[in-house]
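Here is a short briefing to read alongside the structure.

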Amino acid sequence: MTEALLEVKNLIKSFEGRVVLDGINLTVERGSVFAIMGGSGCGKTTLLRHLIGVVRPDSGQIMVGGQDITLFDENLMDGYRRRFGMMFQMGALLNSLSVHDNIALPLREHTELDEKIIGVMVKMKLELVGLRDFEHLKPAQLSGGMQKRVALARALALDPEIVFYDEPTSGLDPVVTGVISQLILDVSKRMGITSVVVTHDIGSAFKIADKMVVLFRGKVVAEGTPKDIQQSSDPLVQQFIHGSPDGPIPLRQSSKDYLEDLLDM
Amino acid sequence: MSLAAARSESRIIFFLRHITSISCFFNETMKWTLVKPFQGKPIRFRAAITQMDEVGVKSIPIMGLVSFVIGIIMVLQTAYQLEKFGAVNYAASLAAVALTREMAPLLTAIVLAGRVSAAFTAELGTMLVTEEIMALEVMAISPIAYLVVPRFIAMVVMLPCLTVLADVIGIIGGYFVGTLAIGIRSALYIHNTVDALLMKDIMSGLVKSVVFAVIIAMVGCYMAFVVKGGAEGVGKATMISVVTSLISIILADCLFTAIFYLFF
């Protein structure tokens with residue numbers, strides 16, 4: 001169970017001269033739940049976009065099962081994309097399709113299965129997330145939490161090796177947050193799927209993660225099990241997990257001197 | 001270098017960048033329309049038919065109204081001039097030729113540019129903002145194949161059809177006003193119309209309408225993929241998409257009319 005499935009080595013990316021990822025290193029073991037945490041704007045969404053192959057790094061490697069996906073062409077990338085599922089922050093379900101068709105979409109596109117079998121598989125995936133009765137509704141008719149659960153069902157449609165979660169619990173009430181966290185755990189432990197969760201929800205991350213990293217300004221500042229992170233002496237990490245306004249994470253983000261800025265006017 | 005010069009240069013670069021990327025976009029669309037179907041990645045005909053209904057069938061009422069009225073206007077305007085020469089009967093021929101060669105294809109394209117370019121950009125642009133397009137990509141489904149190709153095919157099939165319809169309805173509109181208001185005899189009107197029309201006129205109109213269809217579909221879809229920001233970005237892109245389609249249609253019309261005039 002300690003085989004590394006996903007390895008990021010010295011990943012660097014900058015946009016228009018601003019360094020967003022500054023030498024990221026991390027290792028995700030097969031079958032584990034791995035959380036990437038950090039405040040807004042720390043680069044965690046950008047990191048996730050590298051992992052799913054929609055953004056290419058300036059330098060560095062992303063090894064998945066021994067292959068560097070940053071070197072993949074479109075065909076190889078499509079092959080890789082069939083091996084993972086992704087749950088987007090807002091669900092990103094296709095609004096023009098019903099819940100059933102949304103989950104059936106990857107099956108129809110990538111398999112030669114009969115419509116009947118697809119129907120059965122869709123029902124199974126929906127049962128997994130507890131929404132079997134909602135098959136014929138459109139995504140807009142569902143609540144935010146339900147949309148995310150349908151998105152999870154769609155991510156699982158092709159029985160992937162890895163599922164990426166982008167902020168799975170943001171904007172949800174505590175009960176639904178608990179439900180989603182439990183689902184992520186279930187999916188991971190029962191089906192042996194590796195989960196990579198990008199989140200700033202500390203509570204749920206501590207509950208579900210086997211290992212986690214904390215990002216700050218494009219760098220990994222802490223790494224380890226939830227226990228390691230909780231006991232970390234790094235003031236940055238302590239400020240982040242306790243959400244205190246005072247500490248090394250600055251409240252003000254302007255680089256120019258305040259007085260100078262005022263006098264310039 | 002002065003600031004103005006720097007700005008104008010960046011505008012030119014901006015323009016060139018868009019021209020190159022829209023041609024890449026067109027290239028990609030053609031690849032998924034013409035090449036990939038033979039490599040085991042079939043075209044989504046069901047989606048294309050839904051789009052044909054959306055852009056074609058549902059445009060018929062507005063198209064019918066516009067072309068009927070344009071037919072009336074054409075006959076009234078030409079009759080006004082022809083009366084001076086005592087040749088008012090030829091209003092029928094003039095209107096028929098002008099409609100099929102120019103007015104019907106151009107006005108159909110203009111109406112659809114407003115209706116369809118805007119709809120494509122707004123719909124796909126919103127999908128981009130809500131990450132639906134990224135979700136497709138991540139599911140290894142090409143957004144070009146899934147979203148753009150059906151719309152492209154629908155436009156290329158439906159715009160010439162609508163143009164033929166506009167030809168017919170326009171001529172009927174002209175016939176009504178020509179026979180009832182101006183007093184051309186019905187048989188003479190029909191005879192003059194049929195006599196004046198050549199296959200060449202209708203064909204040149206249809207060739208143009210195919211070009212217009214490509215412009216509308218490509219501009220409408222392309223602008224959606226370059227949306228930046230949220231709702232504001234979608235609104236802006238939709239506006240630019242309609243304006244760009246309109247201008248491109250009129251420029252292409254000028255070019256093709258010149259080609260037809262010189263070579264055919």
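How many residues of chain A are in contact with chain B? There are 14 of them, and they meet ten residues of chain B, with a contact meaning that the C-beta atoms of two residues, placed from the backbone, lie within 7 Å. This is a predicted model, in which local features need pLDDT of at least 70 and side-chain atom pairs count only at pLDDT 80 or more, while totals for chains, interfaces and linings use all residues. Residues are numbered from 1 along each chain as its sequence is written, and chains are lettered from A and ligands numbered from 1 in the order in which they are written.

**The side of chain A that touches chain B**
- Helix 2 (74-81) and helix 3 (99-110) of chain A are the elements that give two or more residues to this side, and helix 3 gives the most, with four.
- By residue class, this side has nine nonpolar, one polar and four charged residues (Ala, Val, Leu, Ile, Met, Phe, Trp, Tyr, Cys and Pro count as nonpolar, Asp, Glu, Lys and Arg as charged, and the others, Gly among them, as polar).

**Overall build of chain A**
- Chain A has ten helices and ten strands (DSSP runs numbered from the N terminus: H or I of at least four residues for helices, E of at least two for strands).
- Its C-alpha trace spans about 70 × 45 × 40 Å along the principal axes.
- Of the 265 residues of chain A, 37% count as buried, that is, with 20 or more other C-beta atoms, placed from the backbone, within 10 Å of their own.

**Two domains**
- An automatic or database assignment gives chain A domain 1 (1-83 + 162-169 + 177-265) and domain 2 (94-159).
- Their C-alpha centres lie 27 Å apart, and the contact takes six residues from domain 1 and eight from domain 2.
- On the domain 1 side, helix 6 (residues 174-191) of chain A gives the most, with three residues.

**The six-stranded sheet**
- An open sheet in chain A has the strand order 6-7-8-3-9-10 with mixed pairing, where two strands pair if DSSP finds at least two bridges between them.
- Strand 6 (84-87) and strand 10 (219-224) of chain A each have a single partner strand, so one side of each is left without a neighbour in the sheet.
- Strand 9 (residues 211-216) and strand 10 of chain A run antiparallel over five bridges, and Leu215(A) stands opposite Val220(A) in strand 10.
- Helix 6 of chain A packs on the sheet, touching strand 3 (33-38), strand 7 (162-166) and strand 8 (194-199).

Note on methods
A residue is buried if 20 or more other C-beta atoms lie within 10 Å of its own, exposed if 12 or fewer, and partly exposed in between; C-beta atoms are placed from the backbone. Axes are lines fitted to C-alpha atoms, for helices over the stretch in contact, and angles run from 0 to 180 degrees between N-to-C directions.
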